[in-house]
Amino acid sequence: MTVTGMSLVVAVPAAVAGAACMGLASAAQARATKEVETGKPLDLTLFKRLVGRPLWLIGIAATILGLVLQLVALAFGPLLLVQPLLVTSLMFAGLASARLERRRPDRTMSVGGLLCVAGLAAFLVVARPSGNSETLVSGGDLLPLGIALAVLTLASLVVAASANSGSWRVLGLAVATGVLYGLTAGLMKVVAGQFRAGIDEPFRHWTLYLVCVVGPLGFLLSQNTFQQGRFLTPALAVITALDPLVGVAIGLSWMGESADGRPLALFGEALAGLVIVVGIALLSTRASHLSAESEMPPAEEETAPDEPGEQPDSDSDDGYGLAGTAC
C-alpha cells in the first residue's frame, strides 16, 4: 500500500486525536495511582487496588478510545509517520495533569514539551517517511531487532526490580514500557492490515496473540511507572520518546518502510532527535527542582533538630523529577 494524500488526511488527525486521548489517560491514571497504597516495582496487584476508582476508569476509557484511533491511523498511514506523532501526547498529558491538580502548567515544563514536539515535527519534515507495508518480514530477518528489544526490556525490568535508587527504578520501568508500547504499535499495524483481508484473518496469525500479551504487560508497567514517579511529565517523556523510536525501528527493519538516508538528511534527523532529548532533559531537570522545593522545610524549621530515630529521606529525588518508594 502506498501513502496517498487521502490516507494522510485520515492518518494524521486520527494519530493526533489518539495522542490527546492517551495524554488524558496518562494524567488520569497517574493521579489515580497516587490514591492507592504504593507497592513494590512490578506490583501485579496494583490493578486490584485501582479497579472501581472513577478517575482510573476514565483513564481506561480514554486509553481504549486512543488505541482505536491509533489503530485507524496505522491502517491508513506508515508506522514512521504515526508513531512519532504520539510524542504530542506529552503536551496533552501535561495540560490534563495541571487541570486535575488545579494548578497552572509550569512554564519551563511547557517549554520542554514544546521542544519535544518541535523536534518531532523537524524529524518528520527531514525524514520524509515513505512506504506503508502491512506485513512483516519472515524468518531470521525478525531476529536481530527482536533480540535487541527483548534484551533491552529484560535488562530494564531487572534494573527496576533490583535497584535501590528511585531514579533507576522509574527509569527501568519507563524504558520497558516504552519498548513494549512501540512493539505493540508495530504489531497492531500488521493486525489492522489483516482485518482488511477478513474479520477472521487476524486469528490465524501469531501477531494478534502476541499483541494480547505485550499490550497488557506494557499497560501494567505504565501504571507502576506512574505510581513510582512524583511527576507525570518526565516519566511520560521517557515512554513517549522510546515508543516512536521503537516504532520507527520496526517500520524500517520489519516492514520495509524507508526514510531519507542521505548524509545531510541523517544529520538533520539526528539534530531533531537531539532537540527531543534536550526537551526531555529540561522536563526532568525542572521536575527534579520542583520536587526538591516541595520537600524543603519552612525557614523557621530548617535548624530544628531531627527527631530521635528519624532518618533523612535519601530517596526523595530520583534525578528524573520522580520519587520512588522504598521496596
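Me: Which helix gives the most to the lining of the largest pocket?
Reply: Helix H9 does, with nine residues. This is a predicted model, where local features need pLDDT of at least 70 and side-chain atom pairs count only at pLDDT 80 or more, while totals for chains, interfaces and linings use all residues. Residues are numbered from 1 along each chain as its sequence is written, and side-chain values use heavy atoms, leaving out hydrogens and water.

Me: Okay, and which other helices supply at least two residues of that lining?
Reply: Besides H9, you'll find helix H1 (5–33), H3, helix H8 (166–197) and helix H10 (232–254) there. Helices here are DSSP runs (H or I, at least four residues), numbered from the N terminus. A pocket is an open set of points on a 1 Å grid over the protein atoms alone, where a 1.4 Å probe fits and protein lies on both sides within 12 Å along at least five of seven lines.

Me: How many residues line the largest pocket, and which lie nearest its centre?
Reply: The lining has 29 residues, and Met22, Thr63, Leu67, Gln70 and Thr184 are the ones nearest the centre. To count as lining, a residue needs an atom within 4 Å of a point.

Me: New topic! How many aromatic pairs does a search of the whole structure find?
Reply: One. Trp56 and Phe219 have ring centres 6.4 Å apart and planes at 45 degrees, so the pair is tilted. Rings of Phe, Tyr and Trp (its six-membered ring) pair if their centres lie within 6.5 Å; planes under 30 degrees apart are stacked, over 60 edge-to-face, and the rest tilted.

Me: Where do those two sit?
Reply: Trp56 is in helix H3 (residues 54–76) and Phe219 is in helix H9 (residues 206–228), so you can follow the link between parts of the chain 163 residues apart.

Me: Are they buried or exposed?
Reply: Both Trp56 and Phe219 are buried. That label means under 20% relative accessible area; exposed is over 50%, and partly exposed is in between (1.4 Å probe, protein chains only).

Me: What about salt bridges, how many are there?
Reply: The search finds three. Each has a side-chain nitrogen of Lys or Arg within 4 Å of a carboxyl oxygen of Asp or Glu. One of them joins Arg53 and Glu35 at 3.4 Å, N to O.

Me: Where does Gly256 lie?
Reply: Look in the loop between H10 and helix H11 (263–295). Gly256 has a relative accessible area of 61%, so Gly256 counts as exposed. The C-alpha atoms of Gly256 and Val137 are 7.9 Å apart, although 119 residues separate the two along the chain.

Me: Last one: which residues of H5 are buried?
Reply: They are Ser89, Leu90, Ala93, Gly94, Ala96, Ser97 and Ala98. After H5 comes Arg102, with a positive phi near 55 degrees.
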